[in-house]
Amino acid sequence: MVERIRNKQEFTLAAHVEELRLSATSLGTDGWHLFCAALKENYTLTSLDMRFSDIGVEGSQFIGEVLKCSNALRSLQLSDNRIGDGSVFIGAALRVNYSLTSLSLCHNQIGDKGLLFIGAALKSNNTLTSLTVSGNNIRYKGARFISEGLKVNHTLTHLNLSHNNIGDKGAQFMGEAIKVNRTLVKLDLCVNNIGEEGSRFIENSMELNKSLKHLDLSRNQIAEKGAELLHP
């Protein structure tokens, strides 16, 4: 299959295939175009792993087009693909996709701008339950964008925002979302440069939230005083 794509030959995915792993497979722009064209005609694939495949911005556009018409795909792994500004295509697709439940976009250089599109998508998406955006140089603005989506989203249960840099201000935005969100069960905010002030925002929000069961604030700048706030 990979050789046919690289040789720019049309192909179809076997109808019985439900899971496909193409990690560390670079197909080039034309190759990704052909591959995604085949995906549009497929109605059985539920899980797709494309980590470390050098998709880039253009490839992200093709993936977005697939998500807009896919009714079968449930899990999509796109980590480490230099997506960057291509997050606009992923975000636009999530607004109209009704099948995807798990999406990983970690280590893709999407930054705060990427969270603008993803956060906006969460306001209307009602199928995604797990989202990973760790290691994307996300700061407090990105935290604000994702928190706005969380305030009105009713399906997301797992959010991994670890290894970013949202800081205390970002923690405040996340705290505001935690106060009103009633579906999030697991939130990973480890390694985000959150200090004692940020931990106070989180601690106050937890008093009003009974659904969040797993909260990871490890390897931040909370120190002993902040830890006492969270675990009196």
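Reply: Happy to. This is a predicted model, and the count of aromatic pairs in it comes to one.

Me: Which residues form that aromatic pair, and what's the geometry?
Reply: Trp32 and Phe35 form the pair, and the arrangement is edge-to-face. Their ring centres are 5.9 Å apart, with 75 degrees between the planes.

Me: Is Trp32 buried or exposed, and why?
Reply: Trp32 counts as buried because its relative accessibility is 1%, and buried means under 20%. Phe35 also counts as buried, because its relative accessibility is 0%.

Me: Nice. Switching to the core: how many residues does the largest nonpolar core have?
Reply: The largest nonpolar core has 55 residues. Phe35 is among those with the most contacts inside it, along with Leu76, Leu78, Leu103, Leu131 and Met174. Helices H2 (28-40), H3 (56-69), H4 (87-94), H5 (111-122), H6 (140-152) and H7 (167-180) each supply at least two residues of this core.

Me: And what does Leu76 touch?
Reply: Not counting residues up to four places away in sequence, Leu76 touches Leu48, Met50, Ile63, Leu67, Leu100, Ser102, Leu103 and Ser104.

Me: How many cavities of 30 Å³ or more are there?
Reply: A search of the whole structure finds three. The largest cavity holds about 60 Å³ of space.

Me: Which residues line the largest cavity?
Reply: Its lining is made up of Leu39, Asn42, Leu45, Val66, Ser70, Ala72 and Leu73.

Me: Let's jump to Gln221. Where is it found?
Reply: Gln221 is in the loop between strand E8 (214-216) and helix H9 (223-230). Leaving aside neighbours within four places in sequence, Gln221 is in contact with Asn193, Ile194, Gly195 and Glu196.

Me: Last thing, confidence. What pLDDT does the protein average?
Reply: The average is 90, and 91% of the residues score at least 70.

Me: Where does pLDDT stay under 50?
Reply: One stretch is residues 5-9, for which the model has twelve contacts beyond four places in sequence. Another is residues 225-232, with 14 such contacts. Where pLDDT is low, the predicted coordinates should not be read in detail.

Key. Residues numbered from 1 in each chain as written. Predicted model: local features only at pLDDT ≥ 70, side-chain atom pairs only at ≥ 80, totals over all residues. Heavy atoms only, no water. pLDDT = per-residue confidence, 0-100. Contact = heavy atoms within 4.5 Å. Core = buried A, V, L, I, M, F, W, Y, C linked by side-chain atoms within 4.5 Å. Buried < 20%, exposed > 50% of the residue type's maximum accessible area, 1.4 Å probe, protein only. Helix = DSSP H or I, 4+ residues; strand = E, 2+ residues; numbered from the N terminus. Phe/Tyr/Trp six-rings, centres within 6.5 Å; stacked < 30°, edge-to-face > 60°. 1 Å grid on protein atoms, 1.4 Å probe; cavity = no way out; pocket = protein on both sides within 12 Å on 5 of 7 lines; lining within 4 Å. Points joined across faces, edges and corners; volume = space filled by probe spheres on them.
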